[in-house]
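This briefing is meant to be read with the sequence and the 3D view open. Overall figures come before the individual residues.

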Amino acid sequence: MPKQLLSCLLLTLLLASPAAAQRITQSINSNWLFRKDESQSTVASVAAATGWEKVNLPHTWNAADVLDDESGYYRGTGWYRKTLAVPAAWQPKPVYLYFEGANQEAEVYVNGQLAGRHAGGYTAFSFPISQFLKFNGTNPASAEVLVKLSNRHNPDIPPLSADFTFFGGIYRDVYLVAASPVHFDLDNYASNGTFVTTPQVSNDAAEVVLSGALRNESAASRKLTLLTQVLDAAGKTVARQQTSVTLKAGENRRFRQQLPRLKQPHLWSPNDPYLYRVVSTISEGKTQLDEVTNPLGLRWFRFDAAQGFFLNGQPLKLIGTNRHQDVSGLGNALPDAWHEKDVRLLKQLGGNFLRISHYPQDPTVLQACDRLGILTSVEIPVVNAITDSEGFFQNCRTMQTEMIRQGFNHPSVIIWAYMNEVLLRLPEGIKRDNEPGRAYLKKVNQLAQQLDDLTRREDPSRYTMCVNHGAFELYQEAGLTKIPQLVGWNLYQGWYSGELQGFADYLDRHHRELPDKPLLVTEYGADSDERLHSFQPRRFDKTTEYANSYHQFYLKAILDRPFVAGSTVWNLAEFSSETRQEANPHLNTKSLLTADRQPKDAYYFYQAHLLKTSFLRIGSRGWNLRSGPTTGPDSLFCRQPVEIYTNQPAVRLLLNGQDLGTKPAEFGVVRFNVPFGNGMNRLQAQATGQAVEDQADIEFQLLPTQLTSPKLPFTELNISLGDARTFTDNKLHQVWVPEQEYAPGGWGYVGGTVYKLPGDRLPYGSDRDILGTSYDALYETQRVGLTQFRLDVPDGEYEVTLHFAELEAAPAAEQLVYNLAGSNAAAGPAPKASRSFSVLVNGVAALPNLSTGTTLPALQAVSYKIPVSARGGKGILLDFQPQTGETILNGLQVKRLY
Ligand code: GCB
Ligand code: CA
């Protein structure tokens with residue numbers, strides 16, 4: 001009988017052998033009880049407590065917390081409990097509780113006894129629990145599992161602070177595992193106890209090595225066979241290695257199996273993510289006792305400081321995004337399918353690289369990357385700062401080890417990183433150039449060196465990386481451009497500071513001054529709130545248009561420089577950052593997708609550059625409700641720009657069937673100035689090269705420039721004061737237009753200035769969270785010191801709504817109660833002398849006493865709706881009369897009733 005057939009037969013026999021000897025893994029996500037507990041209950045007292053809520057895992061106790069208007073979220077203790085019925089047949093088996101992750105400090109009790117503790121919210125952990133189980137004959141053992149969990153700030157656990165929400169909870173899957181007493185190591189940092197390496201891979205051959213440890217927990221010595229097979233995607237065995245081992249009772253033995261070389265291996269790459277499987281079994285005679293399987297992708301790679309990244313000998317520019325585990329409404333408690341969906345959205349973008357930041361994520365993410373062909377960098381959450389304590393250092397080392405061992409067998413991983421912008425927030429009292437500052441940098445250096453050494457020891461086949469913010473000398477001084485093999489830069493020139501060109505200059509500086517150090521642009525991005533648009537986009541205005549020009553500049557600079565090995569946009573999708581204020585409070589909107597994963601324009605722009613198939617897409621998908629004044633008093637259209645993204649040379653655009661001409665693409669973008677008419681506008685774009693086309697319907701609300709124009713009767717007007725942007729409210733089907741100065745026949749303010757924060761502060765308007773509204777962007781801008789607002793509307797009955805928010809206020813005292821960590825919220829403007837003023841509507845003192853603190857509470861949206869008649873051709877006149885301080889107006893809506 002041929003050998004292969006024999007082994008095949010043997011395998012069949014083995015598989016048919018009693019299942020009881022095999023390892024059993026089952027998720028135990030359903031039917032937990034949860035209780036928030038600030039009173040520091042004990043294990044004994046909490047069990048008797050009332051008020052338990054039924055939950056399923058994954059679960060976070062902050063999902064709703066972050067949706068409300070207020071800043072801050074619960075950072076404290078939560079308890080979980082569940083009663084398990086452990087089958088009697090498991091009595092001889094080692095039983096484990098396995099947590100994919102729980103944020104952030106866990107104590108796990110079984111039947112009242114401590115099974116284990118774990119620090120850190122982003123790596124898996126598992127504890128043996130057999131010793132706590134009380135079996136009684138043929139009855140299942142009942143196991144009362146109690147998990148005490150805290151997401152409170154702990155100076156010894158990273159992250160200390162960061163621009164994302166530290167959702168508390170058991171937010172990933174939990175499993176119960178029962179193994180045979182003889183098994184692969186189950187006590188190795190929650191890894192599966194086996195590690196696949198590929199010391200040599202080429203087009204001709206591949207070497208595969210499996211190492212790990214075997215454990216005999218039985219009372220007798222055992223004669224065992226360890227068999228490892230490599231199966232191809234079709235399930236055919238292409239390599240096998242069998243080893244005999246005798247394990248004494250209680251023995252834990254390491255092993256290393258080198259498999260016969262694979263000839264002409266099918267390589268793994270983003271275009272062809274071919275996966276083999278490595279199946280390893282422990283058997284005793286004909287009985288299989290344990291089995292683990294691992295994915296195997298055969299590839300080799302290197303980074304070059306001058307030429308970038310090479311995969312399988314070919315240059316490959318790494319392009320992609322960062323990604324948080326976050327979906328609004330769910331927080332971090334995502335079902336696996338959400339993780340998978342995000343990776344698919346990156347693949348559909350044309351990306352080949354994911355920076356899994358700022359922490360290791362659900363195992364589903366690396367599984368999906370292996371399968372879909374996305375290369376990855378994974379890091380532990382040492383963000384913004386460190387604590388100079390042995391506890392902190394130890395936790396970092398443990399996390400790094402967990403991350404590496406748990407993710408080791410994923411072919412998608414090419415980088416292990418360990419710090420993100422660690423010098424962004426120097427601790428209190430510490431200045432860069434004072435003695436404590438120098439000592440602090442030294443500590444940071446020591447930690448980096450420890451983590452780098454550890455990583456190279458643990459996994460010499462991947463690269464190490466440290467990710468820095470754009471403070472070149474500071475990171476050099478701390479040694480962080482020297483210690484790791486790769487340097488990642490998070491660069492925001494033209495966003496947080498300076499001009500776009502500063503980005504290109506920074507890259508060139510790195511190349512000039514650190515010519516031997518490969519670099520990646522690990523972050524870059526600009527906030528964009530899909531509701532905000534501008535024709536004079538500028539830094540920090542949060543408009544789609546500014547974000548578009550930012551990405552267009554950055555991608556070009558990246559592609560133009562072969563020494564830039566890769567880049568990842570910050571971020572794939574919008575994510576929760578509870579401490580943020582601004583136009584969209586508690587949300588970071590630097591992303592290619594909205595929180596509901598709808599593409600922003602920039603997503604299409606990247607597709608135009610990255611996809612290999614013909615691509616053409618009209619931008620403005622999220623801006624299909626527009627408004628604007630007629631171009632000149634007599635026309636019935638308004639010209640506004642539209643961007644089209646394509647990898648074709650030129651595009652022809654039709655508006656309601658009428659040809660607007662053909663224009664060439666410049667760096668993937670074709671720009672048209674479209675004369676939008678009132679109502680529906682159908683745009684049809686056709687690429688000249690290939691037969692690829694796209695269509696978009698844009699509704700336009702054309703505004704009369706002369707309000708009495710019979711051609712375009714006045715209906716309503718929504719105006720954002722102190723603002724040069726338009727704001728589309730899709731839910732209410734309304735568009736707010738920027739303020740303008742009054743001109744006879746039209747509408748506008750008289751006098752005053754645009755609200756600006758004191759000094760050279762960046763933000764657009766105020767950057768404060770305005771309470772009592774989800775239209776923060778509108779309330780954050782304001783006209784100050786105006787004397788009138790006039791609208792020369794035709795005679796009729798109207799309703800005017802005036803919107804105010806007192807922006808001059810000290811930071812709210814109750815801010816960030818639970819956020820002991822530093823916040824991103826910039827210190828607000830100092831309180832100013834309070835104001836009081838009145839507004840007369842067509843001569844009537846409709847709002848006689850608007851004043852700070854009473855009718856105008858600080859940072860609170862306030863609006864007043866007032867009916868008004870326009871008579872005798874006098875239109876609507878609002879008079880703003882100050883008593884103390886200056887008058888203000890944030891928004892104005894005028895609607896004709898009849
Ligand atoms: C960064 C941080 C990231 C922030 C991002 C931002 O540099 O690494 O965590 O979210 O900037 O949006 O400011
Ligand atoms: Ca999971």
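The points below go from the whole chain to annotated spans and then to single residues. This is a predicted model, in which local features need pLDDT of at least 70 and side-chain atom pairs count only at pLDDT 80 or more, while totals for chains, interfaces and linings use all residues. Residues are numbered from 1 along each chain as its sequence is written, chains are lettered from A and ligands numbered from 1 in the order in which they are written, and side-chain values use heavy atoms, leaving out hydrogens and water.

**Whole chain**

- The protein chain holds eleven helices and 56 strands; helices (H or I, at least four residues) and strands (E, at least two) are DSSP runs, numbered from the N terminus.
- Its radius of gyration is 31 Å, close to the 29 Å that the globule rule gives for 898 residues, so the chain is as compact as a globular protein of that length. The radius is taken over C-alpha atoms, and the rule is 2.2 Å times the number of residues to the power 0.38.
- The C-alpha trace spans about 105 × 70 × 60 Å along its principal axes.
- Of the 898 residues in the protein chain, 59% are buried. Buried means under 20% relative accessible area, exposed over 50%, and partly exposed in between (1.4 Å probe, protein chains only).
- Among contacts in the protein chain with a separation of 6 or more, 72% are between residues 24 or more positions apart; a contact means heavy atoms within 4.5 Å.
- The protein chain exposes about 34,500 Å², and carbon and sulfur atoms supply 51% of that area. Accessible areas come from the Shrake-Rupley method with a 1.4 Å probe; for residues, only the protein chains shown count as cover.
- The protein chain has 85 positive and 90 negative charges, with mean positions 6 Å apart. Lys and Arg count as positive and Asp and Glu as negative, while His and the chain ends are not counted; the place of a charge is NZ of Lys, CZ of Arg, CG of Asp or CD of Glu.

**Spans annotated in UniProt**

- UniProt, in an unreviewed entry, lists residues 70-177 as "domain: Glycosyl hydrolases family 2 sugar binding". This span is 0% helix and 43% strand, with its end C-alpha atoms 42 Å apart.
- The unreviewed entry gives residues 308-608 as "domain: Glycoside hydrolase family 2 catalytic". Here the content is 36% helix and 19% strand, and the end C-alpha atoms lie 22 Å apart.
- Residues 641-692 are listed by UniProt (unreviewed entry) as "domain: DUF4982". The span is 0% helix and 71% strand, and its end C-alpha atoms lie 22 Å apart.
- UniProt positions are in the numbering used here, feature names are shortened, and annotations may be inferred rather than shown by experiment.

**Helices and buried residues**

- Helix α3 (residues 336-349) contains Leu346, which counts as buried at 1% relative accessibility. Leaving aside neighbours within four places in sequence, Leu346 contacts Gly320, Thr321, Gly351, Phe353, Leu354, Ile374 and Leu572.
- Helix α4 (residues 363-372) has Thr364, Val365, Leu366, Ala368, Cys369 and Asp370 as its buried residues. Cys369 is 23 residues from Leu346 in sequence and 9.8 Å away in space, C-alpha to C-alpha.
- Gly373 follows α4 and has a positive phi, near 85°.
- His510 sits in helix α8 (residues 501-513) and is buried, with a relative accessible area of 1%. Not counting residues up to four places away in sequence, His510 touches Phe472, Val487, Trp489, Pro515, Lys517, Pro518 and Leu519.
- Ser528 belongs to the loop between β30 (519-523) and β31 (532-533), and is buried at a relative accessible area of 3%. Beyond four places in sequence, its contacts are Lys542, Thr543, Thr544, Ala547, Glu574, Thr589, Ser591 and Lys600.

**Backbone exceptions**

- Most residues other than glycine have a negative phi, and most peptide bonds are trans.
- The peptide bond from Pro158 to Pro159 is cis, with omega near 0°; Pro159 is in the loop between β9 (141-150) and β10 (174-178).
- Trp570 and Asn571 are joined by a cis peptide bond with omega about 10°. Asn571 is in the loop between β32 (564-569) and β33 (575-576).
- Ala190 has a positive phi, near 55°, and lies in the loop between β11 (182-184) and β12 (194-197). Ala190 is buried, with a relative accessible area of 8%.
- Glu582 has a positive phi, near 70°, in the loop between β33 and β34 (587-588). At 13% relative accessibility, Glu582 counts as buried.
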